[in-house]
Amino acid sequence: MTDTDTDTTTTNADWSAWQESWDRQQEWYMPDREERFRIMLDMVEALVGPAPRVLDLACGTGSITARLLARFPEATSTGVDLDPALLAIAEGTFAGDERVSFVTADLKDPHWTAKLPHDSYDAVLTATALHWLHREPLAALYGRVAELVRDGGVFMNADHMIDDSTPRINAAERAQRHARMDQAKARGVLDWAEWWQLAARDPLLAEPTARRFEIYGEHAEGDAPSAEWHARVLREKGFGEARAVWCSPSDALVLALK
């Protein structure tokens, strides 16, 4: 079920290749990406069980949904995003899977939740997506998410979360991370810009990629407040408990319990 068009002539293998290339590109920036997903799903199972109704928020190619269904075959997922190119990959990947649906919506639109197929979810999950929002619209989004999560349900956000009180630690970590990225780049790893250049040349993705850059421009940059900021705002917006349940020197996974 989808509200955007999918090219049904494309094979699953084509979409699988795009999924794989997206994962490799993202891992260049976040080598511990799979660890974040593992902890996220551990906490889903611990708090809402192995058959959750999930909202994959700012879903992109459906990275969370893919890992969710591989681990919990009885789960269902609604993916929501605005990016037409990444949604094309997601829709192609999950075509025919009745457990998955996708919605095109702008999370800055105060009425985006009206497009969803369900009024409530056991879990709302997102990763490496909300850092393009500044603090005020992000806080507003958290308020809307709190209304979607059922009592006893969870929200989790894994993203760049920087503690500005430790500038020397931050600088050292960033220097080391970028040195390792440079080494990987020398081995031929694609970065974000190069990945999009490939997408723009693909016959199936060229048009949605062009629309994607009309929407977002070259790259949207928001804020990366600390995990403590996220937890505090989530509590203010209606969650009963919130804290980081995993962190690296630059990223964190914040969990909020309704």
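**Cores and aromatic pairs**

Setting aside neighbours within four places in sequence, Leu 141 is in contact with Leu 57, Leu 107, Trp 112, Leu 130 and Leu 133. The model is a predicted one. Leu 141 also turns up among the residues that touch the most other members of the largest nonpolar core, a set of 35 residues, along with Leu 55, Leu 57, Val 80, Trp 112, Leu 130 and Phe 155. Elements giving two or more residues to this core include strand S1 (53-57), helix H5 (135-148) and strand S5 (149-160). H5 supplies the largest share, seven residues. Another core, of 28 residues, lies apart from it and counts Val 44, Val 54, Cys 59 and Ala 90 among its members.

Val 54 shows up again around Ser 77, which also touches Asp 56, Thr 65, Leu 68, Arg 99, Val 100 and Ser 101, not counting residues up to four places away in sequence. Ser 77 sits in strand S2 (residues 76-81) and is buried, at 3% relative accessible area.

As for aromatics, the whole structure holds twelve pairs. The rings of Phe 94 and Phe 102 are 6.0 Å apart at their centres with planes at 45 degrees, so this pair is tilted; both residues are buried. Trp 192 and Phe 213 pair edge-to-face, with 6.4 Å between centres and 70 degrees between planes. That pair ties helix H7 (residues 192-201) to helix H8 (residues 206-216), its partners being 21 residues apart. Trp 192 is buried at 16% relative accessibility, while Phe 213, at 22%, is partly exposed. Both belong to a cluster linked by ring pairs, together with Trp 18, Trp 22, Trp 195 and Trp 196. Arg 212 lies over the face of Trp 196, 4.8 Å from the ring centre.

How values were computed
Residues numbered from 1 in each chain as written. Predicted model: local features only at pLDDT ≥ 70, side-chain atom pairs only at ≥ 80, totals over all residues. Heavy atoms only, no water. Helix = DSSP H or I, 4+ residues; strand = E, 2+ residues; numbered from the N terminus. Buried < 20%, exposed > 50% of the residue type's maximum accessible area, 1.4 Å probe, protein only. Contact = heavy atoms within 4.5 Å. Core = buried A, V, L, I, M, F, W, Y, C linked by side-chain atoms within 4.5 Å. Phe/Tyr/Trp six-rings, centres within 6.5 Å; stacked < 30°, edge-to-face > 60°. Lys NZ or Arg CZ within 6 Å of the ring centre and 35° of its normal.
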